[in-house]
Amino acid sequence: MMRTLALVSFDLRSLLRERGTLLLLAAALLLAWYGLFEGTRFQRHAQAAQHAAAVQETSARAAAHELAARYFANPDAPEFAALLYYRTPIDVRGYAFREHVGFAALPALPGAALAIGQADIAPGTVRVRAESMESVRTAAEIEHPARLASGRYDLMFFVVYLWPLVLLTLCASVLTQDRESLRLRSLLLQGVGSARIVLVQVGARALLATILLIGAVGGAALAGGALAADGAGLAALGRWAGIVLLYSAFWSAVAAALCACCANRMSAAFAGFGLWLLFAIVVPAAIDAAARVKAPVPPRERYVQSMRDALDQVNANRSASLARFYDSHPEWKPARTAPGEVSSSVSRLHRAQELERIMGGVEREFALAEQARSSLFERLSTVSPVTLANAAFAAAAGTDHARQRQFIAEVARHQTALRDWFQQAIQRAALGDEQAQCARTCLGGYGFRDFDRVPRFVASPALAAAPALPARAWTLLLWAGVFAALALAALALERRRQRG
Amino acid sequence: MQANSNATTLTALPYPPERVWRQAFVGAWLADWRERRRDWRVALVLALGLALGASAALLAALDLDRARSARAAAASAESARWAHQGSKNPHSAAHYGVYVFKPLPTLAALDPGVEHFVGTSVWLEAHKQNDMVYRPAADGAGADRQFRLSPALMLQVLAPAAMIFLGFGMFAAERERGMLPALRLNGAPLGAIALARGAVLLCLAFSLSLPAIIAIALVKWRAGALEPLADAGLRTLLFAGGYLVYLATWAALITAASAFASSMRAALAILVTAWTILTLVLPRAAVELAQSAAPLPSMQAFRQAIDDALGMPDDPAEAERHKGQLLQQYGVKTVAELPVNWAGISQLRSEAHGNDVYDRHYGPLFAALAAQDRAIALAGWLSPTVAIGGLSSRLAASDNASHIEFVQAAERQRRLMQELLNSDLAAHPDRNGVKYEAGEALWRSIPPFRFNYAAIDGAQLAVRSLLPLAAGLVFALGLALAALRRLRSGSVK
């Protein structure tokens with residue numbers, strides 16, 4: 001044990017004496033801080049948008065209340081002379097289809113700034129309209145598309161892609177330098193095995209560097225407000241640090257295998273860069289390509305055409321479908337108006353439901369194709385530590401695809417409830433208007449002031465809960481074990497060769 | 001472990017310098033080429049590169065082919081749907097609208113640029129400038145956002161890495177093995193040797209792009225005359241030329257580092273660091289930092305501002321004044337007596353108001369995006385990868401500017417449609433309480449949407465991409481010359 005500690009201490013001292021090592025670590029920390037800065041900037045922008053959406057929703061409701069109070073007190077006031085029913089919140093038709101402002105927001109988790117993940121593609125704030133999910137399905141935040149296409153520079157990018165290069169560079173001289181300087185034989189004569197040298201020195205160098213990274217990033221995140229200095233913030237930092245440690249363990253094992261196999265530092269650096277290219281770029285790209293080929297998603301142009309066909313069908317069968325609708329809802333059936341004569345603003349939600357019903361098959365087809373691609377990608381990602389790390393960082397930050405899907409599913413449930421609520425309100429209003437027609441919007445007819453009773457989106461506790469360390473992240477440890485075993489096997493082979 | 005450790009041995013001959021130079025070049029080329037052919041590491045790198053390149057090209061060609069056929073089928077179906085929508089009021093037809101689909105040039109298969117992250121179609125309807133929807137990225141599989149396999153990734157990122165693998169020992173190997181004095185003594189011009197070795201490296205790098213070239217030729221052959229570019233030939237030439245300059249820059253950088261470094265390890269370290277900074281860090285940092293050049297609003301703020309500004313379709317008092325004028329002009333008392341359709345006139349006014357609002361909001365948004373484009377392009381002076389990325393996506397019409405060009409063309413078509421439909425409605429008043437209905441003749445009178453990307457703006461392209469790219473090459477050549485001078489007269493260590 002003392003010998004191991006002495007070995008580590010000597011190695012670290014000599015490593016830190018090199019100016020190159022210090023420069024490398026300084027550059028790495030600067031790049032990591034810059035990544036953290038960009039992640040924080042993105043997160044603040046997203047939070048500001050979410051806050052602004054909430055403010056807009058509240059002020060729209062307050063303005064609607066205020067207008068309703070004035071209008072229903074004196075509908076004949078000159079200010080209401082040019083009021084258009086479809087453009088005012090005091091008419092349920094205008095409110096349901098145009099003036100209702102409702103947003104659904106995905107709660108940000110405490111570690112969201114540590115990985116942008118999919119958050120820039122899938123917005124965390126969406127406007128929900130009673131009529132359909134279209135506004136949610138096609139929602140996008142305003143971003144320069146080149147930023148999405150080139151891939152974000154955030155802390156996750158730094159850790160997943162650049163940090164391995166730092167670790168490989170730091171560890172490339174373990175054993176290889178001893179071999180080059182012919183110092184290895186004297187070390188072996190002192191009873192220090194080459195396996196111990198490799199594992200201990202690589203482990204110590206990587207661990208020290210990783211702890212430095214975690215400390216520097218964690219400190220900056222807490223100091224800069226990217227993470228709240230409370231239990232939730234510290235837990236998020238802990239999860240992130242856990243993944244960084246697992247990922248660093250994998251690359252340390254790769255470095256150990258390289259040092260065990262390569263005769264000199266140059267070969268180790270060469271092979272290290274090659275393996276980095278393979279793991280960081282080639283394998284993930286190949287997985288993505290395989291998922292694209294093996295599980296293609298039908299072109300969206302076909303979706304558009306199906307939607308147009310469905311809309312034509314709905315329009316063509318309007319009377320029959322409305323008759324069916326009123327048969328199944330006799331309580332809303334107009335007494336004097338034939339189903340085909342019902343005004344378009346009264347039948348509009350039913351039309352949207354019919355469209356959805358006809359599109360059901362197509363929607364399922366696309367959802368299944370997307371699911372098939374996602375699950376294939378997930379299965380394949382086991383062979384790519386970089387993909388596993390990407391997924392783990394995004395999941396820990398709550399910016400992953402799965403959480404976004406869960407959010408959209410909750411929004412869809414809310415939208416159904418919202419539509420049902422407005423359907424009931426509009427049909428009752430239509431009945432009231434039929435019974436006691438009034439020339440302008442009035443209570444008992446289409447007049448509306450129940451703004452506070454309109455359903456609002458509330459995220460489930462599951463969406464707001466902090467995630468556990470993703471289980472798949474532990475696969476990185478398995479990968480590390482494979483490379484550590486490779487290192488030991490290479491050293492055993494070398495020993496046998498020397499003895500032979 | 002270097003892939004190139006040859007020592008060219010040529011005897012100084014009493015020939016004119018040009019001949020000596022030529023002979024040295026040919027000799028070095030042949031020696032280098034021969035040695036690389038025998039080197040299993042070169043074969044491995046090339047085999048891997050070609051396999052990846054072929055996969056990238058095949059995928060790109062298949063994707064493009066699939067997207068083009070889907071869009072062509074959808075566009076033709078939309079056109080038929082529009083023409084055969086039956087008799088209806090023109091304003092109902094305006095609400096029915098049409099979808100238009102973004103055309104894809106062949107070069108977009110080589111460099112998909114932003115295509116995966118922008119919408120593919122837009123609905124042109126009354127009153128609204130809709131956004132383009134259905135981004136392919138929304139159907140993406142998982143967490144990997146970086147390094148999507150494409151020929152552009154191969155050429156911009158992986159080809160330089162392969163060149164580093166194959167070339168970092170170009171001169172460093174000779175220095176490390178103590179053969180530098182022999183190289184100096186043999187009398188062959190170092191410039192010729194460096195050029196020959198750099199050219200071999202360039203040839204090897206270009207061999208990685210062979211699959212892409214074949215795939216593009218096949219796609220082009222299948223596409224026939226469907227190219228939506230006014231200047232496809234010029235773009236293709238510039239595209240090829242740009243990548244030649246880019247890879248030549250890397251060949252020069254590798255020559256410089258290898259000639260300058262004291263050992264092969266140092267050469268590799270310098271080159272890997274340069275590659276990491278130039279191809280990985282700067283392109284991403286540039287697009288991130290460009291946000292500060294012209295911040296973009298959030299979608300919520302943007303939409304709220306438009307909704308607030310749209311407000312009423314037009315000023316009711318102004319509408320009343322206009323109505324009064326018309327009644328006076330035609331000498332009638334009520335709107336129903338007018339020989340024109342007041343609803344159509346109102347729609348024209350409403351559209352004019354909407355167009356004004358959209359211009360006031362989309363104009364600054366597009367200007368901010370363009371400002372970010374300019375800011376990103378500035379980083380091209382620091383990184384040749386940024387410069388070639390900008391050039392390549394611009395020429396492939398897969399950049400942000402080309403996307404905006406399409407969006408604006410689609411909006412012009414929407415406005416034209418609304419103008420024609422509302423003018424027709426205005427010219428045909430309702431008779432006896434029966435609403436006016438138009439038919440196929442009117443629908444067909446609206447010119448179909450045919451979009452071609454405008455010819456490249458040479459001056460803009462030169463300033464944003466060509467000059468930085470050329471400057472990068474000149475700088476790299478300068479470094480290579482300085483390093484060769486040091487190799488010739490500096491310490492042999």
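Before we look at bridge partners, a word on terms: two strands count as paired if DSSP finds at least two bridges between them, and a strand here is a DSSP run of E with at least two residues. Keep in mind that this is a predicted model.

With that in hand, go to β3(B), where B:Lys128 is the bridge partner of B:Glu125. Two bridges join β2(B) to β3, residues 128-129 of chain B, and the two strands run antiparallel. Their hairpin has two residues between the strands, and B:His127 takes a positive phi near 70° there. On its other pairing, β2 (residues 121-125 of chain B) meets β1 (residues 98-101 of chain B), again in the antiparallel sense, over four bridges. In that pair, B:Val100 has B:Val122 as its bridge partner in β2(B).

Now for where the chains meet. The contact draws 65 residues from chain B and 66 residues from chain A. On the chain B side, β1 is among the elements that each supply at least two residues, along with helices including α2, α5 and α16. The largest share, 14 residues, comes from α11(B). Sorted by class, that side has 40 nonpolar, 14 polar and 11 charged residues.

B:Tyr134 has phi near 65° and sits in the loop between β3 and α5 of chain B. This tyrosine counts as partly exposed because it has 19 C-beta neighbours inside 10 Å. B:Ala397 comes in at about 55°, in the loop between α15 and α16 of chain B. B:Ala397 has 29 C-beta neighbours inside 10 Å, so it counts as buried.

How values were computed
Residues numbered from 1 in each chain as written. Chains lettered and ligands numbered in written order. Predicted model: local features only at pLDDT ≥ 70, side-chain atom pairs only at ≥ 80, totals over all residues. Contact = placed C-beta atoms within 7 Å. Nonpolar A, V, L, I, M, F, W, Y, C, P; charged D, E, K, R; others polar. Buried ≥ 20, exposed ≤ 12 C-beta atoms within 10 Å, placed from the backbone.
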